Structure formats: structure tokens, C-alpha cells
Amino acid sequence: MGSLRRLLLAPQLSEVSFERRGFASVALDGPAARLEAVPQAVVCGFEWGMEARSLWELESRLGLVDTEQRGFAYEGATMAFTVRDVMGRGHRTRDLLRGPGRPHVLLAYIGIGFAMARLPRVLWKKVLPDLDGTPYYPVMSWLAVDGYGFDLAYFHTRRWVDEQRVPDTYPWQGAPSYFPRAVDQGIGRALWFIHGARPDRVDAAVRAFASHRQADLWSGVGLAATFAGGCGAEDFASLRDRAGMHRGDLAQGAVFAARGRDLAGFVPEHTETATQVLAGLPVSAAVTLADSEAPGDSTAVPAYEQWRRAIRDRLTPHPTTRR
């Protein structure tokens, strides 16, 4: 049954390659060539999660993944456990994220979003496990919606990027009007991959969207660039300059990425470089900023957006009024 579910729901490794997805015009060389390892790690984690007979077995397999890519493998494993829990019974996702997946919880939420992209909406109310007492719960669960948006853009690029479709609302965390914004944050992350970490192409892609969507897109770009890398300091600086009035949004995404990498216990060189260039802070200071601005349990605005806004305004010399 595990093999059947995997066959029906998971793309093959070849299906997530940039060439197969129609991103062949992107010249992948140097650091950008490593970007393809990210979706491949997700697929491997998904396959292992679908077939794992125990949490110990899954943890043992994921432990074999390179440290830099391990969080992405946990992302795929969380996607698999979410599908298994929703389609059947159990609390695999809860046990994973309270156990070995806890350091990777920010990427794990994105994995839940990948599962949402493959499940009917009527089942979405069952995807979020009870993680009371774990870091950033439930505020950071909006990253599941971000993951859903990334999946739409990566696998259905023409509809969600070229045609810039807007998703229907959904009452995630009681804030249906914010749902499309969180989707846009995921679409922004996908643009970093779709355009092979090329600042000029990413900039052009963001500017093709309606102006009121660009802030969230730039935030997603900043998160992806800082977490996954794909270029050096010079290109990060170009990305920062191209963001223009949305530099604060770009920087906010970078701070979230730095927090996620630090929580997982491994900060690659590109994350340190990107955080310094995009946010003007070393990773250690970005982590302190993220934690100092983290909201409580308030659901107004929603709290996730309060958090993003507070970080953005701290990083913007002259904060402007936002939506």
C-alpha cells in the first residue's frame, strides 16, 4: 500500500528536475546547480515516509542525508506522514514533529502544505497535528499555506506564475482573507528556483504580478534565497537592490530563513552571507530579532502577519503603511 500511495502522489526524481519542469532556459552552474538537490531531497524524504514502518526507521534513513539538505528530506517525510494520517488513521506527523523532526519544524510545516496540494480541501481540517508546546505553534503553521503556494507554482507554473492566478480563500487559522497572501509567499519562494537564483529574472517575474502582491512575493524570495542559496554575495546584493521599496520584505524572509537554519543546528555559508547582505545582520542577530518579535497566542491580523510586520519594520529605515 505504501508503494501504491507513493506511485499515485509523489513525482519521480526526474519530474522535479528544472529541465523537466520547463525551467531549461536557466543555466545551472556553480552554486545554482545545487538548487536541484532541494526538490530531490524532498522526494526522497516523501518516499521514505510513505514506506517507513516505524519512526526509528524513518529517522535512520533521514540521518543519512547530507546535513545541508536534511531539512528538505524531513519536509518530504512530513508530507508523507500527513497524507498517511489524513487518508488513514494515526498520529505519525505529530510524533515526527515532537521527536526527530522538531529541529526542522519550519520546513516541516511546508511539507504539510505539499500534502495539502494533493488532498481535497475537505480534508485540510485534518492536516495540522497538535504541536502544543513546540516552537512557534500555531503561529508558524501559516508556512503550510506557503508550502501549498510553492507547490502550485513549481508544478503548475503556467497557471500560477505566467497567468498569475489568485487562489480561492480558505479559513486557515480563522483568517480566510490572509490565505492568498500566504500562498503568494510560497509562490515567491518558487520563483527563486524557477529562475535559477538569477536576480534579474526573479525581479522581472515579481514585477509581472499586480503591485499589491509583490511585497509577499519578495518575502518568499528572501526566504528561499537565504535558506537554499544558489548564488554568491554579489548576486545577493543585486537582489537586494532590485527589491527597491520591498527591501524590508526581502529582509524579513531572510530573517525567517536564518531562524530556521539555526533551529536545525546547521547554518551553511550561503545563509550567513545572504542574511548579512539582505538583512544587514549576521545570523546570530537575525535569530535574536526573530525571537524578540515573535507574537503570543493572539489570532488578530493574524499573529503570523504581526510577526512578519514587526521584523520588516525593524529592518526598514522608514516603515511605510502596509496592507
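## Nonpolar core

A nonpolar core is a set of buried Ala, Val, Leu, Ile, Met, Phe, Trp, Tyr and Cys residues joined through side-chain atoms within 4.5 Å. In this predicted model, the largest such core has 104 residues. The members that touch the most other members are Met140, Trp172, Trp192, Phe193 and Leu239. Helix α6 (residues 105–116) supplies the largest share of this core, with ten residues.

For Phe193, leaving aside residues up to four places away in sequence, the residues touched are Phe18, Phe23, Leu35, Val38, Phe150, Tyr154, Ala224 and Ala228.

## Packing of α12 and α14

Two packed helices are described by the angle between their axes and the distance between the axes. For helix α12 (residues 233–243) and helix α14 (residues 269–279), the angle is about 35° and the axes lie 9 Å apart. The crossing of the pair is right-handed.

On the α12 side, the contact is made by Ala233, Phe236, Ala237, Leu239 and Arg240; α14 contributes His270, Thr273, Ala274, Val277 and Leu278. Seven of the residues in this contact are nonpolar, two are polar and one is charged. Leu239 of α12 is also one of the core residues that touch the most other members.

## Arg312

Arg312 lies in helix α16 (residues 303–315). Is this residue, Arg312, buried or exposed? Its relative accessibility is 3%, and the cut-off for buried is under 20%, so Arg312 counts as buried. The side chain of Arg312 forms a polar contact with the side chain of Asp249, at 3.5 Å.

Methods: Residues numbered from 1 in each chain as written. Predicted model: local features only at pLDDT ≥ 70, side-chain atom pairs only at ≥ 80, totals over all residues. Heavy atoms only, no water. Axes fitted to C-alpha atoms, helices over the stretch in contact; angles between N-to-C directions. Helix = DSSP H or I, 4+ residues; strand = E, 2+ residues; numbered from the N terminus. Left-handed = near helix turned anticlockwise from the far one by under 90°. Contact = heavy atoms within 4.5 Å. Nonpolar A, V, L, I, M, F, W, Y, C, P; charged D, E, K, R; others polar. Buried < 20%, exposed > 50% of the residue type's maximum accessible area, 1.4 Å probe, protein only. Polar contact = N/O pair within 3.5 Å; in protein donor to acceptor, adjacent residues only side chain to side chain.
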